[in-house]
Amino acid sequence: MSKPNIIYFVADQMRKDSLHHMGCEASITPNFDALVEEGVSFENAYCQNPICAPSRCSFLTGLYPHTTGHRTIHYLQDEDEPNFLRTMKNQGYEVIWIGLNDVLPASMPKDDYCDAYFDGETL
């Protein structure tokens with residue numbers, strides 16, 4: 001049995017009422033709307049921390065920021081913490097990270113948790 005394709009899209013600072021499928025008639029988001037036809041869109045999701053880096057650490061570990069010590073933008077993930085991307089890669093998924101990395105330390109080899117990384121600045 002083949003594994004399903006998974007797109008894990010996390011957009012902080014994007015409210016649900018900015019998407020057409022969530023009720024915003026003025027918004028034109030056909031690609032998001034098409035993804036929702038076969039996927040999941042959370043209507044009542046809440047961030048775990050008002051600061052971006054601890055919240056992103058929580059997305060990747062599945063743990064609350066206060067249980068791992070991620071309280072400010074200066075506390076990045078430790079290499080021994082669980083990591084959603086590493087777990088998916090170890091399960092045979094091709095993991096491509098697109099976007100800013102302000103969660104994992106530079107000392108952590110990128111090939112440990114993804115097959116390709118695009119930060120939007122380098123080609």
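I started with the sulfur of C57: its closest cysteine sulfur is in C52, 9.6 Å away, too far for a bond. A disulfide here needs a pair of cysteine sulfur atoms within 2.5 Å, and by that rule I count zero disulfides.

Housekeeping: this is a predicted model, where local features need pLDDT of at least 70 and side-chain atom pairs count only at pLDDT 80 or more, while totals for chains, interfaces and linings use all residues. Residues are numbered from 1 along each chain as its sequence is written, and side-chain values use heavy atoms, with hydrogens and water left out.

Buried means under 20% relative accessible area, exposed over 50%, partly exposed in between (1.4 Å probe, protein chains only). C57 is buried at 1%, whereas C52 is partly exposed at 28%.

Then I looked at helix α2, residues 52-61 (helices are DSSP runs of H or I, at least four residues, and strands are runs of E, at least two, numbered from the N terminus). Eight of its ten residues are buried, so α2 is largely enclosed by the rest of the structure. I noted the cover: it includes α3 (65-68), α4 (84-90) and β1 (96-98). After α2 comes G62, with a positive phi near 80 degrees.

Last stop was F59, also in α2 and partly exposed at 32%. I found F59 in a nonpolar surface patch with I6, Y8 and V10, about 340 Å² of accessible area together.

Terms used:
Patches are made of residues with over 30% relative accessible area and no salt bridge: like charges are joined within 9 Å, nonpolar side chains (Val, Leu, Ile, Met, Phe, Trp, Tyr) within 5 Å. Accessible areas come from the Shrake-Rupley method with a 1.4 Å probe; for residues, only the protein chains shown count as cover. A salt bridge is a side-chain nitrogen of Lys or Arg within 4 Å of a carboxyl oxygen of Asp or Glu. Contact means heavy atoms within 4.5 Å.
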